[in-house]
Amino acid sequence: MSVAKVTEIIVESEKSFEDAVVQGVKRANRTLDQVKAAWVKEQQAVIDNGDVVGFRVVLKVTFLLKD
């Protein structure tokens, strides 16, 4: 039997939403064992002085708990 937990993280990238997701999963994988999935709960464009300067995502990351 496996037991999973879901945690929420917020990630920002200057490049794209896709880059924010990739970087968020990489970062979560450094801290959490057995990351199995991530889904985008929310996306936001970061605006400064009328220009888009960043891409923010709220991710729900699923990982397995140790036995």
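How many salt bridges does the count come to by this rule, which asks for a side-chain nitrogen of Lys or Arg within 4 Å of a carboxyl oxygen of Asp or Glu? The count comes to four salt bridges, and the legends below describe some of them. The model is predicted, so that local features need pLDDT of at least 70 and side-chain atom pairs count only at pLDDT 80 or more, whereas totals for chains, interfaces and linings use all residues. Residues are numbered from 1 along each chain as its sequence is written, and side-chain values use heavy atoms, with hydrogens and water left out.

**View 1. Glu-8 and Lys-41 meet in a salt bridge.** The side chains of Glu-8 and Lys-41 come to 3.0 Å, N to O. Because Glu-8 lies in strand S1 (residues 4–13) and Lys-41 in strand S2 (residues 35–48), the pair ties together parts that are 33 residues apart in sequence; strands here are DSSP runs of E with at least two residues, numbered from the N terminus. Glu-8 has a relative accessible area of 40% and is partly exposed, a class that lies between buried (under 20% relative accessible area) and exposed (over 50%), as computed with a 1.4 Å probe and protein chains only. Lys-41, at 43% relative accessibility, also counts as partly exposed.

**View 2. Lys-60 forms a salt bridge with Glu-8.** The closest N and O atoms of Lys-60 and Glu-8 are 3.5 Å apart. This pair links distant parts of the chain, with Lys-60 in strand S3 (residues 51–64) and Glu-8 in strand S1, 52 residues apart. Lys-60 is partly exposed, its relative accessible area being 23%.

**View 3. Arg-56 and Glu-12 meet in a salt bridge.** The side chains of Arg-56 and Glu-12 come to 2.8 Å, N to O. Since Arg-56 lies in strand S3 and Glu-12 in strand S1, the pair ties together parts that are 44 residues apart in sequence. Both partners are partly exposed, Arg-56 with a relative accessible area of 26% and Glu-12 with one of 46%.

**View 4. Glu-8, Lys-41 and Lys-60 are joined into one network.**

**View 5. Met-1, Val-3 and Leu-65 make a nonpolar surface patch.** The patch covers about 350 Å²; patches are made of residues with over 30% relative accessible area and no salt bridge, and nonpolar side chains (Val, Leu, Ile, Met, Phe, Trp, Tyr) are joined within 5 Å, like charges within 9 Å. Accessible areas come from the Shrake-Rupley method with a 1.4 Å probe, and for residues only the protein chains shown count as cover. Leu-65, in the segment after S3, is partly exposed, with a relative accessible area of 38%.

Methods
Helices (H or I, at least four residues) and strands (E, at least two) are DSSP runs, numbered from the N terminus.
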